[in-house]
Amino acid sequence: KVIRLGVGRRHVFQARLREMFRYMIKTVRMVRPLFRDEQPDLCIAFMTMPGGLAPLLMWSRFGVPFVSYLRGGDVLGFGSSFLRRIHGISRPLIRRIWKESKAIIANSEGLAALATQEDPALDVKVIPNGVDTAVFSPSPDNKPGKVLRLLFVGRFVDSQKNISMLLDIVRRTLDVSLTLVGDGPDRSKICHKIKTLNLEERVSWTGWLRNEDLL
């Protein structure tokens, strides 16, 4: 069952602070009716912020345990200077959520190391993002060609994804083409660099794609 919350989200690739704040308020209001109607055995806080407050309240009020799933922007010390300022305000709540979690899971060794740097007592497990190899696998008819085709799928946030470095590598490497799938606040910066490096014929951009179109 999926319960969708209207928070006025403007972009699929980025959540603004006001949208995350609305999300937190709405999930807090749902804690009691969700416990009454669903009787959950376990909650998963997908991203400590904004997803961890409701599971924390579900635990403190009704004793329902929860685990926290670290994804990047919710890890103290991660990201831009602006995000670090937000972390400075939310640090006590984030640390409380981590402390009360029955397990903490990160999707990379780097995030796990960053979290334990903030709190050495944390026992962070690493479970990388999964790939359905029955869907995403080379076709038997796909024979290697002269050009190595690279594909990037994700948000255009250069401070996190470092697409600029990828473009520099493509420029220095012969017989390589790159397709960028996604969108984000640094789109104009990335497009400008593609033109500056004269990579228009080797780098293409599709914009954000729905799952079925991505397949």
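The protein has 9 helices and 7 strands. Helices (H or I, at least four residues) and strands (E, at least two) are DSSP runs, numbered from the N terminus. This is a predicted model, in which local features need pLDDT of at least 70, side-chain atom pairs count only at pLDDT 80 or more, and totals for chains, interfaces and linings use all residues. Residues are numbered from 1 along each chain as its sequence is written, and side-chain values use heavy atoms, with hydrogens and water left out.

**Overall figures**

The C-alpha trace spans about 60 × 40 × 35 Å along its principal axes. Of the 215 residues, 33% are buried. Buried means under 20% relative accessible area, exposed over 50%, and partly exposed in between (1.4 Å probe, protein chains only). The accessible surface comes to about 14000 Å². Carbon and sulfur atoms own 55% of that surface. Areas come from the Shrake-Rupley method with a 1.4 Å probe.

Contact means heavy atoms within 4.5 Å. Among contacts between residues at least 6 apart in sequence, 62% join residues at least 24 apart.

There are 34 positive and 21 negative side chains. Lys and Arg count as positive, Asp and Glu as negative; His and the chain ends are not counted. The centres of the two sets lie 6 Å apart, with each charge placed at NZ of Lys, CZ of Arg, CG of Asp or CD of Glu.

**Aromatic pairs**

The structure holds 4 aromatic pairs. Rings of Phe, Tyr and Trp (its six-membered ring) pair if their centres lie within 6.5 Å; planes under 30 degrees apart count as stacked, over 60 as edge-to-face and the rest as tilted. Two of these pairs are set out here.

| Pair | Centre distance | Plane angle | Class |
|---|---|---|---|
| F35 and F62 | 4.2 Å | 10° | stacked |
| F46 and Y69 | 5.4 Å | 85° | edge-to-face |

F35 sits in helix α1 (residues 17-38) and F62 in helix α3 (residues 53-62), 27 residues apart. F62 is partly exposed, at 24% relative accessibility. F46 belongs to strand β1 (residues 43-46) and Y69 to strand β2 (residues 66-70), 23 residues apart. F46 is partly exposed at 48%, whereas Y69 is buried at 19%.

R71 lies over the face of Y69, 5.2 Å from the ring centre. A charge sits over a ring if NZ of Lys or CZ of Arg is within 6 Å of the ring centre and within 35 degrees of the ring normal. Elsewhere, ring pairs link F152, F156 and W205 into a cluster.

**Helix α3**

L53, A54, P55, L56, L57 and M58 are buried in α3. The buried residues of this helix pack against α1, β1, α2 (48-51), β2 and α4 (81-100). Just after α3, G63 takes a positive phi of about 75°.

**L178 in β6**

L178 lies in strand β6 (residues 176-183). It is buried, at 2% relative accessibility. Beyond neighbours within four places in sequence, L178 contacts residues including L150, F152, L166, V170 and R202. R202 is 24 residues away from L178 in sequence, yet 6.3 Å away C-alpha to C-alpha.

**Backbone points to check**

Most residues other than glycine have a negative phi, and most peptide bonds are trans. M47 has a positive phi of about 80°. M47 is in the loop between β1 and α2 and is partly exposed at 24%. D175 also has a positive phi, of about 55°, in the loop between α7 (163-172) and β6. The M49 to P50 peptide bond is cis, with omega near 10°. P50 is in helix α2.
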